[in-house]
Amino acid sequence: MPAYSSALRSDDPPLLTAWSEATPQRGYVLATRLYPWFGWAAAVLCSLGLFVGLILAPTDPHQHEHYRIAFIHTPALWLSVVIYVATAVTAGYGLARRQRFLSMLASALAPTGAMFAFLALWTGSLWGKPIWGTWWVWEARLTAELLVLFLFLGYVALQEAIDDARRADRASGLLALVGAFGLPLLYFSVFRWSAMYGTAPHGLAAPGNLVVTAGLLLMGLGLFAYTVAATLARLRNVILKRERNSEWVARNFGARS
Amino acid sequence: MNWSGWSEFWSMGGDGLYIWNAYLVTVVVILTEIGVIALTRRSILEHLGRYAKIALKERKPRNEDSRF
């Protein structure tokens, strides 16, 4: 276990500081301290959420047991959009202010976002088949979510394909910003096309059952905590890789190889 | 509690294949992501030594300890 705490000297400014002062070194130390807490929170909240959702939550009068896919589908869909906004904002701000750390944060967010976009589509498909009778329709909401997945994959692919980190950040950041204009489309298409579903998709309270709502909330919070943990853990990798030539990485990790 | 037994729980009122598919794929994808992050970290740490030599050689030696 590398002595990460030594990466921060005692005469350095405080850890929690303005974004404009966020350096990769400080970010690394903070991420290392925080990610286990979010990991444990995710494990506890998701365990509770699964127990409530699969064991305690009652059978739905219309969809019977099938609605239980919602305990994954809803948080995954929500998180894919939240992570997309976070990626676009951090990447855009990182580009505008030339803050390398924010660009690193954006590239640490994107793969988890891609994962949740994929899960939202996959579980949505499994939900749709018995209810609508089809795995997939080219409808605005589904198409928009597919677009979110492709934007995430494009972001990750650009990051991987371009060796020069600054050029990679510029290309992928631009893609994220362009895609961000498509996000309102995703949001409003839900209401505009709601006739196809009979009703607009329900909010958290809509199932009208307190236990179901509690399960959805627990899974949502749990997977959100997981997102933070995975992003911070990946951020450490991104920072070490990009800062490999810097003195603080050399001093703290060089001898450990 | 809605379930009278394990078999009823696993069959999920006939929807078991869809529901367990969704949950299983989610678990597999999440575990894969955790594994990829851990493996990436290991491979990065293995390669850092080479860069460290270059990085430290390029700079003047410091008086203070590295506090390592």
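What follows is a walk through a predicted model with chains A and B.

Residues are numbered from 1 along each chain as its sequence is written, and chains are lettered from A, ligands numbered from 1, in the order in which they are written. In this predicted model, local features need pLDDT of at least 70 and side-chain atom pairs count only at pLDDT 80 or more, while totals for chains, interfaces and linings use all residues.

Start with confidence. pLDDT is the predictor's confidence in each residue, on a scale from 0 to 100. For chain A the mean is 82, and 82% of the residues reach 70 or more. Helices (H or I, at least four residues) and strands (E, at least two) are DSSP runs, numbered from the N terminus. Among the elements of chain A, helix α7 (residues 210-242) has the highest mean pLDDT, 93. Helix α6 (residues 183-192) has the lowest, 65. Residues 198-206 of chain A stay under 50. The model has ten contacts for that stretch beyond four places in sequence; a contact means that two C-beta atoms, placed from the backbone, lie within 7 Å. Where pLDDT is low, the predicted coordinates should not be read in detail.

Now the fold of chain A. Its secondary structure comes to eight helices and zero strands. Of its 257 residues, 42% count as buried. Buried means 20 or more other C-beta atoms within 10 Å of a residue's own, exposed means 12 or fewer, and partly exposed lies in between; C-beta atoms are again placed from the backbone.

Thr74(A) is buried because 21 other C-beta atoms lie within 10 Å. Gly222(A) is 148 residues from Thr74(A) in sequence, yet the C-alpha atoms are 12 Å apart in space.

Arg98(A) follows α2(A) and lies in the loop between α2 and α3 of chain A. Its phi is positive, near 50°, in a residue other than glycine. Most residues other than glycine have a negative phi. Arg98(A) counts as exposed because it has 10 C-beta neighbours inside 10 Å.

The next loop, between α3 and α4 of chain A, holds Trp136(A). Trp136(A) is partly exposed, with 14 other C-beta atoms within 10 Å. Not counting residues up to four places away in sequence, Trp136(A) touches Ser125(A) and Leu142(A). Asp169(A) is 33 residues from Trp136(A) in sequence and 34 Å away in space, C-alpha to C-alpha.

Next comes the core. A nonpolar core is a set of buried Ala, Val, Leu, Ile, Met, Phe, Trp, Tyr and Cys residues joined through C-beta atoms within 7 Å. The largest one has 74 residues. Those with the most contacts inside it include Ile69(A), Leu105(A), Phe116(A) and Phe152(A). Two or more residues come from each of α1, α2, α3, α4 (140-161), α7 and α8 of chain A, and from α2 (16-57) of chain B. The largest share, 18 residues, comes from α3(A). Phe116(A) is in contact with Ala76(A), Leu79(A), Ser80(A) and Ile83(A), leaving aside neighbours within four places in sequence.

Turn to the partner. Chain B has two helices and zero strands. Of its 68 residues, 13% count as buried. Where the chains meet, 40 residues of chain A are in contact with 32 residues of chain B. On the chain A side, α1 (24-56), α3 (100-132), α7 and α8 (247-253) each supply at least two residues. α3(A) gives the most, with eight. The chain A side divides into 17 nonpolar, twelve polar and eleven charged residues. Here Ala, Val, Leu, Ile, Met, Phe, Trp, Tyr, Cys and Pro count as nonpolar, Asp, Glu, Lys and Arg as charged, and the others, Gly among them, as polar.

Last, the record. UniProt positions are given in the numbering used here, feature names are shortened, and annotations may be inferred rather than shown by experiment. In an unreviewed entry, UniProt lists "transmembrane region" for spans of chain A including residues 76-95 and 102-123. Residues 76-95 of chain A are 100% helix, with end C-alpha atoms 28 Å apart. Residues 102-123 of chain A are also 100% helix, and their end C-alpha atoms lie 31 Å apart. For chain B, the UniProt annotation "transmembrane region" (unreviewed entry) covers residues 20-40. That span of chain B is 100% helix and 0% strand, with end C-alpha atoms 30 Å apart.
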